[in-house]
Amino acid sequence: IRKMNGAGYRGWPDRGYWARHNSMNIHFMIEYKKKGEKPDPVQQRIMGLLIDLGTRCYCVDNPDDGKEVIRGEMQDRFPRVIFVEGKWGKWLELAK
């Protein structure tokens, strides 16, 4: 788990996850928001670029959804994942 921040890196998702599971390399990122919030334009653009490069980027607005994303990634199950396109980019989140 890595907190992605630093000078010149505004807009990166909050956490990056890297793991090896069942002989597979797993990499995904999660942006954690307050209830009902969405990524801002810079975050949307960065997550869209990362998705275009093959990284799964999620936006969640509560800790339980974050835990579900992590479990889903590790178990190759994504029952509630939806693809969202904003004005400035795209991301994944869990359907309500």
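Phenylalanine 28 and tyrosine 58 are both buried. The model in which they sit is a predicted one.

Two aromatic pairs occur in the structure. In one of them, the ring centres of tyrosine 17 and phenylalanine 28 lie 4.9 Å apart with 10° between the planes, so this pair counts as stacked. Tyrosine 17 belongs to strand E2 (residues 15-21) and phenylalanine 28 to strand E3 (residues 24-32); the two are 11 residues apart, and the pair links distant parts of the chain. Tyrosine 17 has a relative accessible area of 10% and is therefore buried, the cut-off being under 20%. For phenylalanine 28 the relative accessible area is 2%, so this residue is buried by that cut-off too.

Phenylalanine 28 also pairs with tyrosine 58, here in an edge-to-face arrangement with 6.3 Å between the centres and 85° between the planes. This pair, too, links distant parts of the chain: phenylalanine 28 is in strand E3, tyrosine 58 is in strand E4 (residues 56-60), and 30 residues separate them.

| Pair | Centre to centre | Angle between planes | Arrangement |
|---|---|---|---|
| Tyrosine 17 and phenylalanine 28 | 4.9 Å | 10° | stacked |
| Phenylalanine 28 and tyrosine 58 | 6.3 Å | 85° | edge-to-face |

**Threonine 55**

Threonine 55 lies in the loop between H1 and E4. In sequence, threonine 55 and phenylalanine 28 are 27 residues apart, while in space their C-alpha atoms are 5.8 Å apart. Apart from neighbours within four places in sequence, threonine 55 is in contact with His27, Phe28, Met29 and Leu50. Its relative accessible area is 11%, so threonine 55 is buried, given the cut-off of under 20%.

**Helix H1**

Helix H1 covers residues 41-52, which is 12 residues. From first C-alpha to last, H1 reaches 16 Å, close to the 16 Å expected at 1.5 Å a residue. At the start of H1, a side-chain oxygen of aspartate 40 comes to within 3.0 Å of the backbone nitrogen of valine 42. The buried residues in H1 include Ile46, Met47, Leu50 and Ile51. Gln43, Gln44 and Gly48 in this helix are buried as well. Just after H1, glycine 54 has a positive phi of about 100°.

Asparagine 62 sits in the loop between E4 and helix H2 (63-75). A polar atom of the asparagine 62 side chain lies 3.0 Å from the backbone nitrogen of aspartate 64. With neighbours within four places in sequence left aside, asparagine 62 is in contact with Lys33 and Lys35.

**The chain as a whole**

Two helices and six strands make up the elements of the protein chain. Read from the N terminus, they follow the order β-β-β-α-β-α-β-β. The protein chain has 96 residues, and 40% of them count as buried. Among the contacts with a separation of 6 or more, 52% are between residues 24 or more positions apart. The accessible surface of the protein chain is about 6,000 Å², and carbon and sulfur atoms account for 54% of it.

How values were computed:
Residues numbered from 1 in each chain as written. Predicted model: local features only at pLDDT ≥ 70, side-chain atom pairs only at ≥ 80, totals over all residues. Heavy atoms only, no water. Helix = DSSP H or I, 4+ residues; strand = E, 2+ residues; numbered from the N terminus. Expected span 1.5 Å × (residues − 1). Buried < 20%, exposed > 50% of the residue type's maximum accessible area, 1.4 Å probe, protein only. Polar contact = N/O pair within 3.5 Å; in protein donor to acceptor, adjacent residues only side chain to side chain. Phe/Tyr/Trp six-rings, centres within 6.5 Å; stacked < 30°, edge-to-face > 60°. Contact = heavy atoms within 4.5 Å. Areas by Shrake-Rupley, 256 points an atom, 1.4 Å probe, with all protein chains shown as cover.
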